[in-house]
Each structure stands twice: as C-alpha cells, then as structure tokens.
Amino acid sequence: PPLDCVALNDTALSSLDALLLCSKCRGFPLVNNVQEMSVIGYISRRSLSQAVHSARGEQRDAIDDFEGFVDTEPLQITPTTKVDRVWELFSLLGLRYVLVCKQGKLIGIIKKKDLISRIKDTRPSRRWH
C-alpha cells in the first residue's frame, strides 16, 4: 500500500484534511513530492492539525511553510538494517518510528508498536501446564 505522507508539492488544505480524515497514523513523513519521495522531515498528526488550523485562521488555501511544525531530522535506516539494530535504536533513543530509505527515497516506515507486535507473532507460544 502507498505510504501516508505529506508532499510539499500538494499542501492544499483539502488534501491535508483528507489525509487526516482517512489515515489513523499518528504522524507523517514530509516528502518533496510523491514521485521522488525525498524526505524533508516528519510531522506529527497533532502538529499537522495545528498547521491546518493556523492556515485556515489566516484564510489560506494551502500551507506554505511547515517551519516549527516538523522534525527536520527524523532517523532514517536502510532496508538492509538488521531487526536487532532497529530494536536497539527504539530502546536506546526512545524512538516511536524510523523511516526506511533506499538511495535517498522513502520506501517505508517502521513503528515501534508494529515491531513489537511482529516479534510477539514470530515467537513460539509457550503453554503452561
């Protein structure tokens, strides 16, 4: 499935409203455009909602600048990063997500809760008698 993200070339409030309405994600990668998918940063759902609200209050149809709303240095890993290393990053740095990039292009996102769920699913179940 395509990634839910905010593209700088489409910051119309109507597009951002649709994203907030249709997605349950707690945050979104910010990319230059959906063709190149170059990472600009990461914006939380709350910050995106605030940016939309602020733009509406100024009677604008789009957001021109996300400054102050975006984490401009989200942690990025490659598709070959080992799961143990990803877990270490989550544990040591207190991260909730990491972006997966290949040759500078966003190809995915790993969320801590999804990794925990996946680890639990792959462990053999124990039965206590």
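Predicted model: local features only at pLDDT ≥ 70, side-chain atom pairs only at ≥ 80, totals over all residues.
**Entry 1**

I began with the strand order. The model has an open sheet of four strands, which run S1-S2-S3-S4 with mixed pairing. I then looked up its edges, and these are strand S1 (6-7) and S4, each of which pairs on one side only. Next I checked how S4 is held to its neighbour. S3 and S4 pair in the antiparallel sense, over two bridges. Within this pairing I noted Tyr-42, which stands opposite Asp-71 in S4. I also looked for a helix against the sheet and found H2 packed on it, touching S1, strand S2 (27-31) and S3. The direction of H2 makes about 90° with that of S3.

**Entry 1: the aromatic pair**

I searched for ring pairs, and the structure holds one aromatic pair. Its members are Tyr-42 and Tyr-97, with ring centres 3.7 Å apart and planes at 20°. Planes under 30 degrees apart count as stacked, so I logged the pair as stacked. I then asked which parts of the chain the pair links. Tyr-42 is in strand S3 (residues 39-44) and Tyr-97 is in strand S6 (residues 97-102), so I have distant parts of the chain here, 55 residues apart.

Are the two tyrosines buried or exposed? Tyr-42 has a relative accessible area of 10%, and I noted it as buried. Tyr-97 comes out at 14%, and it is buried as well. The cut-off I applied for buried is under 20%.

I turned to charged side chains. Side chains of opposite charge can pair when their charged atoms come close. How many salt bridges does a search of the whole structure find? It finds four. I followed up the ones at Arg-60. Glu-58 forms a salt bridge with Arg-60, and the closest N and O atoms are 2.8 Å apart. Asp-64 also meets Arg-60 in a salt bridge, at 3.7 Å from N to O.

Arg-60 has a relative accessible area of 26%, which makes it partly exposed. Asp-64 counts as exposed, because its relative accessibility is 65% and the cut-off for exposed is over 50%.

Arg-85 is partly exposed at 42% relative accessibility. Glu-88 is partly exposed too, at 36%.

**Entry 2: Asp-61**

Where does Asp-61 lie? I placed it in the loop between helix H2 (45-57) and strand S4 (70-71). With a relative accessibility of 67%, Asp-61 counts as exposed. I then checked what it touches, leaving out residues up to four places away in sequence, and found Thr-11, Ala-12 and Leu-13. For Leu-13 I also took the spacing: Asp-61 and Leu-13 are 48 residues apart in sequence, while their C-alpha atoms are 5.7 Å apart in space.

Terms used. Residues numbered from 1 in each chain as written. Heavy atoms only, no water. Buried < 20%, exposed > 50% of the residue type's maximum accessible area, 1.4 Å probe, protein only. Contact = heavy atoms within 4.5 Å. Salt bridge = Lys/Arg side-chain N within 4 Å of Asp/Glu carboxyl O. Phe/Tyr/Trp six-rings, centres within 6.5 Å; stacked < 30°, edge-to-face > 60°. Pairing = 2+ DSSP bridges. Axes fitted to C-alpha atoms, helices over the stretch in contact; angles between N-to-C directions.
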